[in-house]
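Visitor: I have not looked at this structure before. Please show me how to read its features one at a time.

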Amino acid sequence: ATEETLVLVKPDGVARGLTGAILARIEAKGYSLVDIGLVEPDRDTLEQHYAEHEGKPFYEPLLEFMMSGPSVAIRLAGNRVIEGFRSLAGTTDPTTAAPGTIRGDYGRDWGLKVQQNLVHGSDSAESAARELDIWFP
Ligand code: CMP
């Protein structure tokens with residue numbers, strides 16, 4: 001059945017001018033943009049979004065990174081779009097993400113304290129519902 005997911009083009013993707021290239025891949029795959037906007041999330045929003053990572057060593061660097069510049073938030077729809085977008089994005093570590101994926105083609109490890117991996121995609125139907133409420137209230 002048709003479902004929705006939250007996609008973020010993170011600050012590194014926006015700053016590097018990759019928003020268009022990333023959107024082109026999403027559209028070429030056939031998914032539908034339901035809503036899209038440039039956002040500068042505050043700390044409270046990010047604490048909600050990343051609640052499951054609180055306490056991990058990369059948590060503070062992650063929040064700092066996500067507040068370092070604007071992101072593009074996308075409400076994306078399609079059949080099996082949750083797993084489909086995650087496949088398009090590639091694995092978390094951009095150094096070893098498969099070529100042909102967004103992270104594999106455009107990302108690498110910059111030696112910083114957090115993986116700057118260009119995009120976020122919800123990892124389950126539950127996460128998608130929760131995250132869409134945060135970013136598209
Ligand atoms: P995202 O899909 O947004 O979910 C959590 C984010 O934390 C992830 O992308 C990365 O940006 C970052 N992250 C996850 N694991 C690590 C790690 N081991 N070291 C540094 N950053 C990480």
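Guide: What follows goes from the record to the strands, the core, a loop and the ligand. This is a predicted model, where local features need pLDDT of at least 70, side-chain atom pairs count only at pLDDT 80 or more, and totals for chains, interfaces and linings use all residues. Residues are numbered from 1 along each chain as its sequence is written.

Visitor: Which residues does UniProt list for the domain?

Guide: UniProt positions use the numbering used here, feature names are shortened, and annotations may be inferred rather than shown by experiment. The unreviewed UniProt entry gives "domain: Nucleoside diphosphate kinase-like" for residues 2–137. Helices (H or I, at least four residues) and strands (E, at least two) are DSSP runs, numbered from the N terminus.

Visitor: In which sense do S1 and S3 pair, and over how many bridges?

Guide: Two strands pair if DSSP finds at least two bridges between them. S1 and S3 are antiparallel, with 8 bridges, and Thr-2 stands opposite Asn-79 in S3. Strand S2 (residues 32–39) also runs antiparallel to S3, joined by 7 bridges; Val-39 has Ser-71 in S3 as its bridge partner.

Visitor: Which residues of the largest nonpolar core touch the most other members?

Guide: In soluble globular proteins, nonpolar side chains tend to be buried together. A nonpolar core is a set of buried Ala, Val, Leu, Ile, Met, Phe, Trp, Tyr and Cys residues joined through C-beta atoms within 7 Å. A residue is buried if 20 or more other C-beta atoms lie within 10 Å of its own, exposed if 12 or fewer, and partly exposed in between, with C-beta atoms placed from the backbone. Here the largest core has 21 residues, and Val-7, Leu-8, Leu-76, Phe-85, Ile-102 and Val-119 touch the most other members. Elements giving two or more residues to this core include strand S1 (2–9) and helix H5 (81–89). H5 gives the most, 5 residues.

Visitor: Is Thr-95 buried, exposed or partly exposed?

Guide: Thr-95, in the loop between H5 and H6, is partly exposed because 13 other C-beta atoms lie within 10 Å.

Visitor: Which residues surround the ligand?

Guide: A residue is near a molecule if its C-beta atom, placed from the backbone, lies within 6 Å of it. The ligand is surrounded by His-53, Phe-58, Leu-62, Thr-92, Val-114, Gln-115, Asn-117 and His-120.
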